[in-house]
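Please consult the sequence and the model while reading.

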Amino acid sequence: MADDILRIRTPIGIDYTWSSGPGSVVYMRGLENGKLIGRRCPACELVYFPPRNGICPRCGVLLAAEVEVGPRGTITTFCIVNVPFLGQTIKIPYVAATILLDGADIGMQHLIQECEAADVRMGMRVEPVWKDKSEWTPSLENILYYKPTGEPDADFDVYARHL
Amino acid sequence: MRDVAIVAYIEGQNTSATTLSPVEMIVPVVHEILNRANVQRSDIDFWCHGSCDYMTGQPFSFVSAVDALGAWPPIMESHVEMDGAWALYEAWVKIQTGEANTALVFGNGKSSAGDMNRALTLQLDPYVVAPLWPGFRSLEAMGARAAIDAGTVTERQMADVVSRSLRDAADNPNVLAYGYRDADELLDEPMTANPLRAHDCPAMADGVAAIIMTTADRALEMCDRPAWIRGIDHRIDFQNLGLRDLSRSNSAALASYHAGVTKDKVDVAELHATYSHHEIILAQSMGIDRSTTRMMPSGGALVANPLMAAGLARFGQAARQIFKGNADRAVAHAAQGACLQQNIVAVLEGN
């Protein structure tokens with residue numbers, strides 16, 4: 001019977017033109033020049049990095065002032081990746097962390113390297129390691145990973161609101 | 001049944017290709033319609049959105065639209081993978097159940113993000129039709145050919161529809177096509193997808209449409225002359241094109257019957273006719289006399305077709321005719337799918 005089953009492949013492909021929108025352009029241009037630029041909500045005054053879509057989702061208003069954040073930040077939460085998966089490019093175990101950049105009000109996710117996974121902790125201070133300047137594009141991929149700065153850990157109160 | 005009315009309508013600027021992100025397109029429209037109805041965010045107790053992920057090429061892209069609403073404190077919201085007109089239906093049901101009193105409904109689409117003629121093909125049967133990539137325009141041409149062969153539509157009638165739509169569009173600042181061209185002139189143009197000519201096909205747009213609807217106790221606070229929804233229904237035809245008579249729309253006829261379109265005279269009709277022959281097929285199927293009913297005073301979807309917003313825009317434009325006192329009884333209609341497969345119809349009244 002199995003020989004009677006007809007299988008067909010029907011590939012689907014559509015090309016899209018993506019425009020990031022003016023709200024994200026400042027952020028992307030900043031990355032192209034090695035700067036981390038977030039934007040402040042004119043209503044609640046929180047600073048978003050990335051300023052995704054240029055909107056404050058709490059207030060539903062367009063973000064306003066540009067604010068340079070980081071480059072250093074504090075690990076608020078993290079997870080140690082021990083599971084191998086198809087397409088994995090980083091040697092396990094490694095750490096994916098949420099980092100609250102100095103001056104920002106929302107955390108962003110990035111890799112932590114140059115330290116043992118077991119040593120990573122909440123409150124740890126970290127800084128970015130950038131790709132060679134010749135390789136910079138308008139992308140957060142310009143930052144290879146974050147590494148510990150060696151500063152004393154941040155007080156829990158500093159990031160308690162951002163967990 | 002609770003009495004529910006459309007009390008405000010706003011559409012964003014229709015453009016041929018915006019550089020704004022979809023969310024950035026929605027934000028000002030939401031602000032403007034809240035101002036128009038003179039209400040606060042907290043007055044809206046249900047938000048409902050219509051859009052299509054195939055248009056943006058991003059799965060769950062509609063989730064980011066919630067960012068435009070200011071969802072803190074938490075709001076009650078929903079989404080349909082359809083034109084905003086179906087979001088309006090969901091909101092209407094929500095109000096009927098008593099779970100909400102005032103709803104803000106919106107639809108948005110960025111047609112310029114990809115090849116919509118191709119993207120819309122993905123709505124078709126995925127096994128034997130979609131893999132052929134027939135293209136939407138070709139399917140609509142098939143529908144037009146079926147109607148011409150059946151003797152229910154003529155090329156001249158189609159040209160008359162286009163001529164009138166372009167003329168009406170001249171009074172509407174939010175269109176992408178307008179002008180003064182008579183039927184003879186239009187019929188001299190070459191066909192682009194036999195029997196369709198370029199002007200029989202819609203002017204694709206990026207756009208947003210938003211509506212606020214509410215119940216009897218609040219409607220007059222938000223609008224001097226609300227558009228009361230006296231009947232609403234939606235129906236669907238087979239997906240299999242070979243099982244349908246494309247010269248008519250059975251689902252539009254059924255939805256029209258259940259919405260009560262023919263119970264009284266229709267002053268104005270805003271039908272979601274994206275191709276010129278649609279108007280003729282729809283009017284015939286729905287029992288609307290085009291000689292006594294003012295058809296699409298806005299110019300309709302032919303002159304500005306922001307996908308996923310254009311159907312809701314028909315509801316908004318029909319309501320506007322009630323708001324302004326131009327009509328006492330208006331019919332609003334939206335369609336989705338190939339060859340008028342899915343249809344929603346509402347009767348709006350000023351009294």
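The bounds of a domain, as the term is used here, come from an automatic or database domain assignment. The model described below is predicted.

## Domains of chain B

Chain B is divided into two parts: domain 1 covers 4-116 + 204-222, and domain 2 covers 136-201 + 227-349. Between the C-alpha centres of domain 1 of chain B and domain 2 of chain B the distance is 23 Å.

## Contact between the two domains

To this contact domain 1 of chain B contributes 33 residues, while domain 2 of chain B contributes 26 residues. On the side of domain 1 of chain B that touches domain 2 of chain B, the elements giving two or more residues are β1 (4-11), α4 (84-96), β4 (103-110) and β7 (204-215) of chain B. Of these, β7(B) gives the most, with 7 residues.

Sorted by class, this side of domain 1 of chain B has 19 nonpolar, 11 polar and 3 charged residues.

## Contact between chain B and chain A

Chain B also touches chain A, and the contact takes 23 residues from chain B and 19 residues from chain A. Two or more residues on the chain B side come from each of α1 (22-36) and α5 (116-119) of chain B. The largest share belongs to α1(B), which supplies 4 residues.

The residues on the side of chain B that touches chain A comprise 12 nonpolar, 7 polar and 4 charged.

Technical notes
Residues numbered from 1 in each chain as written. Chains lettered and ligands numbered in written order. Predicted model: local features only at pLDDT ≥ 70, side-chain atom pairs only at ≥ 80, totals over all residues. Contact = placed C-beta atoms within 7 Å. Nonpolar A, V, L, I, M, F, W, Y, C, P; charged D, E, K, R; others polar.
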